[in-house]
Each structure stands twice: as C-alpha cells, then as structure tokens.
Amino acid sequence: MGPMSAPELVKLTIDGVAVEVPRGTGLVEAALAAGIEIPVFCYEPRLGPPVGACRMCLCMIEPGPPKPQAACTLQALDGMFVRTALTSEMAAEAQNATLEFILVNHPLDCPVCDKGGECPLQDLTFRYGPGNTRMTFPKRTFDKPIPISPLIALDRERCILCYRCTRFSELVAEDGQLVAVNRGSQTQIATFEDEPYRAPFSGNVIELCPVGALTSTTYRFDARPWEIQDVPTICGLCPVGCNVNATTREGKVKRILSRNHYDVDQGWLCDKGRFAYRHLEADDRLRDPLLRVRRRGFEEVSWERALDEAERLLRDAGGRIVTALSGSETVEQAYALAKLLRQGLGAHTAVLPEEVSDALDSHRLPLSALVRADMIAVLGDAPVVERAPIVELWLKQAKRNGTRVLYELDEDAVRDADNAILIWSGPGGHAGATVAALAHRLGAAGAFYLPETANARGVCDAWAAAADAEPTNPDPVGLLIVSGDEAAANPVVRALAEQAERVLVISMFHGLAAGWADLVLPGTSYLERDGTYVNLEGRVQRLRRAVIPPAPDELAWIARLAERFGVTISPYPPTVFEEVSGIAFGGIPFGEVGERAALPRTTGTPAAVETTPEPTRPEGLRLVRYRPLFSGPAVERTPELSFQRPHAEVELSEQDARTRDIRPGDEVTVSSNGTSVTLRARLNRDLRPGVVRIADQHAGDLQPTVELAT
C-alpha cells in the first residue's frame, strides 16, 4: 500500500479545552481527544452512520441554533465551540430530561438484571439523572423473557430503543433478521415472523445492548460483576484469532466477550467463539488417562502408569512413529512434541493439519487493510464465513466502502487496481506459496490464506523448527500419535489408525477415541492453556489460561516423558517459546507478545510458483465439500449451538440454477457414480458457475464431479 498523506486538522474548543483533530472526526471522538466524555447510548462508530436515536449526547454548539444538538450526528469543524453538560446548564437539563424519559417505563430490577453493575444506563443515571422520579402511574410490563434464539433472551420492558441491535443486523452482519416492529411508543425489537435469530454473528447484539434487554441464555443469572474475573486471551476456534476476555467465576468459564483488537476483529465475535466454551463442562470430558485392557475395554489409570505405557509404546515402535496434528496445539506444545520425537526417538514424521507457507510474509497486511482496498479477489470455493468468519465481516464492510469484491480471478482487474488484495479459501497444500507468488506476479498489495485450523501456521512453524527434515511415512506404522480432538475426529486419521500397530490419542473427550485407541491421555482446551498461536495474518498472539484444566497440561507431561529419553524440555511455555522463537519467529521475547499483539514486518520475497489456485473445471459440476463453522467436537458439546448447524442444502450459482430450472427451496438430487443425496437448493450470487457446495456431513460419498436433477 502506498504512503498515506497526513490528514487535514481542524481546531475546536470543547468546554474551554482547545483540541486539534483530523477533519471528519465525529464530535464524540473529538471530545474524548480533549479528555471529555459525551455520554451516549445509541452511538457506536462500528455500526455505521449515527442515528441520534437516544438524544443522550445533547450539547450546545456555536455557531449553530440556540438549542441542544445531538453531538453524535455532528463532525468537528474548524472554529467550533462546544459546551457539554459539564459547562452548559441547558445541555445538562436536556440530558437529565432525556434520562428521565428513558426511565419512565424502565423497570427498577437492577438487583436481578444480568447487566447490573456493568450497565451504561445504570452508570449514566447515577452521574446525570435527576435522582428521583415524578411518575406515579404503573410502569408498562411485557411477557418475558422472549426467546430471540436458543442463545439470546429479550426483556422488552428494559429496551430503550437505541437500535444498536437492529443496526448491527442490518448494516454489519447484513442478515436482516432482527428488526423493529410497530411505531412510536409501541415499537418493539423482534425477529421476522418470530423465527429464531439464526446467523453466525448473532451474539454480538448482547454486547452491543447498553441495557439488560438482550441477554445471553448461557450466562443469564449465572454470575454478578463483583464475583467474576476477566482473563484477556484469544479465541482458539478458527484462524482469525479474535481477541477475547474469558469471564470466570469459581474456576469455571461463564462467558466470552470481545476485547476489540481493531486490526484483527474490530470487536466482533462469531457465535462459535462466543458460546462454544461450554464444551469445557461436557459429560464425556476426560479427567484421567484411559488404558485399553483386553476383554475389558478401557480402564482409568494413574498418570504415572500412563506415562509408563506411553514410554513403552514409543520404545516398541522403534522410530516407526507418525504424529497426526490437529492445528489447535499451541506453538509450544507442537515444538515440544516434535523435539521429543526427533531427539529422543529419531522419528518426526507428521501428518500436519495443512502446510502454510511463509511465502505469504512478503505480502503481509492486517485484516483491517481489507476495508481500504480498491479490489479484493476471493479465490477458492470454500465459504469464507465457514472458515474464517470475521473475514466475512471485513469483506462486507469493504463492499459498503465501495471496494470491488470478485469471487474468481480477473488478472486484468488485479493489475489495474492500485491496491488489490487476494484471499485464498481453497484447499491447503502449497496454496499459501501459490497465492503469494500470484500476488507478486500481479502486483497485488497483499494476500491472505485462510487455513482450516486455528493454529495451522504456528504448528507448521513449530514442527519445522524442531524437525530438520520430513522423512516418508514408515510402513507399517508402529505407533500413531493423534494429537487433539480435531485430529481424533478426522476420518483420514481414523483410517490411518486402522493400519497402525498401536495408537496413542490425546483428546478431551472419551467418545472420540473409544474403539480404536490403545492409550488415551486427557487433553486441554485453548481456554486452559498458556502459550501462543499464530493467526492467518502471521501475527503471534498470546493465549492465557483462564481456568485450571482437570488434567495436567500437555506441555507438562511431554516434559516429564522427555526426561525418560534424555531430552530436556521445559514445562513452562515462556521458556519453550524463547527456544522456538529464535528459530521461527525472529527472536520475539515471550513478554512482548502482549494483550494486543503487533503484526510482524513484511519480510522476504515469495518463490516463483507457476501454478495458480484456479482449479481446472471438469465436465459437469464440481463439488466443493467444506467443514462448517458450526461443527466439530466443541460445537457438538454445546447444545445451545445445535440450531446453528447447517441445513441439508446444496448451494449453487444463480446461472446454474436458471440453466436447470431450479428455484430456491426445491428438492434437488445430487448424484455421482451411482451415489446420490437429496438436498434443498440454496442460491448464492457469490458462487461462480460450475461449482456446487455441500457441507461435509450432508455430502455422503459423493465424488468431486456431480450432476443435479429436480
């Protein structure tokens, strides 16, 4: 991206304080620059243009009319003189009147309201409110709570009609499912025809609500603000690495909130990242190692016995060891496991979650750069929202800003754009290097590869740092090590397990490995770990342990096991990170991976790669199978997310639908080589002709080339 010119500054005075801000800055932000707060309810800059609905930000503006004006709707201008409620009696009277009006029918249920103690309305009432009420008639009441969805409850009598929630639905997520019905004093928030709010980002309205009108069903009546602690960490369920606060009470995670790292997530979360923490308390959670005993199935054993068995399995394999990684391991766990196998046993063959090339580092940009691009080409056919959901929100915002977004490669358009960015959402392999080389050849400003797993890049870098070479798979496999729940649930890994002589599984849940593992060691969740992840930007981010796991951390027992093979591995993540960082991450100290990690500088030049990510188009329709966002072991153990799982649908382009006379909702038979499935048709204007998409769980045994029939 080219250098940006310095913004033009304007000078204004707010409550006697002179301040300079860039032209176009909102008056609320200008006041903050002067160290002055203008109270707001409806205003939220991430939601687009202000609407001035709540009138809480009334100020006196000169030059201007001799009456209070909504500051959130105004921009800072040169020579403007602003008086807030701190210095203007008229503004103070207007704000008190606004609060009095808001509280006319608002219930006084702060002691039982989930928002009590962290409620903007409560805070501003203490600071600006009249202190008593003149109203003697009964307040309005409604049936409550209204189930907006299995995840969200609505108390309509608390709603102050700020329209934050409906604006998010309409202008940010663009799902249009949350609306305001009726008019005037009868206005209410509702979903269309009372259908559940079923969208991947619906939970954001809970955080946006400035009162207790929209609350989380999973957190409702579960904790009070003075009983909880917030642990700053990152989400470990997709490659974006959204920054979050994990709210804990009495050693358990109670909710997940956004922590707003603007360059990464802009303060938004998908519902998987917000609610799937409930998998920590799953009924089949493993707390002790399991050993297979002949004719008796599994039995629980002590950790000392489990490590004895693990040592025996490793020695008996004689170096014929293959490790299947999930891509959810921390950098430190992956490095420690690779070091144990390489130095202690001379074996380091791995089935990596996918190969993520460092060639992309030469085109590294923050995700926020998408909204400043002239053109974005989304290559590959896997749905962006299913693989890296927050990237989908960045794309929507880019479109609203006028960015041209293409869903197939147009080399001329990329070359003609001053600031073009490529996104590859297709299969893994060497796609990262391929799209980096393509960006280099076409002169694109940046390129992103969307991995399928949360820490694919970090795991690849850590494994490579510990293992100098990657030998061919041993045949037969003496021992298969399955690391993590994602690998344990992978059909490819299970097929490999059938060929292995022995299998050691690291898993959080009993059901994933029952029937085919010889030894199962309890695993941990990203919310129970200290360490680092590397997101799709190449940004090294810090995981912080929110709660203590019911079993030892993987790094702890790997270190103990390594001692038996004469390998020194620290059980402490900072020490392990220092070792791997010097090899893979430019020597970044662990302490500098702060709460808001910086994006490393662009480095290197991508190697020349002749292939392009564009697949050849077969005769017939090409089937793209994808792993849905709302799938996997964590989602399966969060009952409240079950309604978010994908319907039995086949997605196709509008052109292919017209050609075959298929309408939305039609029953369509998808067939290939004598195999067929019947699914409901869904048209997608962003899907290119010749391609159909089906979620993995609904695709059955279909082959890559399919036919459609109604």
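How many cavities of 30 Å³ or more does the structure hold? I found six. I took a cavity to be a set of points, on a 1 Å grid over the protein atoms alone, where a 1.4 Å probe fits but cannot get out. A volume is the space filled by probe spheres set on the points, with grid points joined across faces, edges and corners.

I note that this is a predicted model, in which local features need pLDDT of at least 70 and side-chain atom pairs count only at pLDDT 80 or more, while totals for chains, interfaces and linings use all residues. Residues are numbered from 1 along each chain as its sequence is written, and side-chain values use heavy atoms, with hydrogens and water left out.

**Entry 1: largest cavity**

I recorded about 120 Å³ of space in the largest cavity. Its lining has 14 residues, and Leu360, Arg457, Leu536, Glu537 and Gly538 lie nearest the centre; a lining residue has an atom within 4 Å of a point. Strand E21 (residues 446-449) gives the most to this lining, with three residues. Helices (H or I, at least four residues) and strands (E, at least two) are DSSP runs numbered from the N terminus. I sorted the lining of the largest cavity into eight nonpolar, two polar and four charged residues. Here Ala, Val, Leu, Ile, Met, Phe, Trp, Tyr, Cys and Pro count as nonpolar, Asp, Glu, Lys and Arg as charged, and the others, Gly among them, as polar.

**Entry 2: second largest pocket**

A pocket is an open set with protein on both sides within 12 Å along at least five of seven lines. I recorded about 1,400 Å³ of space in the second largest pocket. Of the 48 residues that line this pocket, Pro200, Val385, Glu386, Glu651 and Arg682 are the closest to its centre. Elements that each supply at least two residues of this lining include helix H10 (389-400) and strand E30 (675-683). The lining of the second largest pocket divides into 20 nonpolar, nine polar and 19 charged residues.

**Entry 3: four-stranded sheet**

I traced an open sheet of four strands in the order E19-E18-E20-E21, with parallel pairing; two strands pair if DSSP finds at least two bridges between them. Strand E19 (404-406) and E21 are the edge strands, each pairing on one side only. Neighbouring strands of this sheet are turned by 15° against each other on average, direction ignored. Strand E20 (residues 420-424) is joined to E21 by four bridges, and isoleucine 423 stands opposite phenylalanine 448 in E21. H10 lies across strand E18 (375-379), E19 and E20, and runs at about 145° to E18. Axes are lines fitted to C-alpha atoms, for helices over the stretch in contact, and angles run from 0 to 180 degrees between N-to-C directions.

**Entry 4: seven-stranded sheet**

I traced an open sheet of seven strands in the order E15-E14-E24-E23-E22-E16-E17, with mixed pairing. Its edge strands are strand E15 (297-300) and strand E17 (349-351). Four bridges join strand E23 (residues 502-507) to strand E24 (residues 519-522), which run parallel, and leucine 504 stands opposite leucine 519 in E24.

**Entry 5: valine 670**

Is valine 670 buried or exposed? I found a relative accessible area of 0%, so valine 670 is buried (under 20%; exposed is over 50%, partly exposed in between, 1.4 Å probe, protein chains only). Valine 670 lies in strand E29 (residues 667-672). Among the residues that valine 670 touches are Val650, Ile694 and Leu708, not counting residues up to four places away in sequence; contact means heavy atoms within 4.5 Å.
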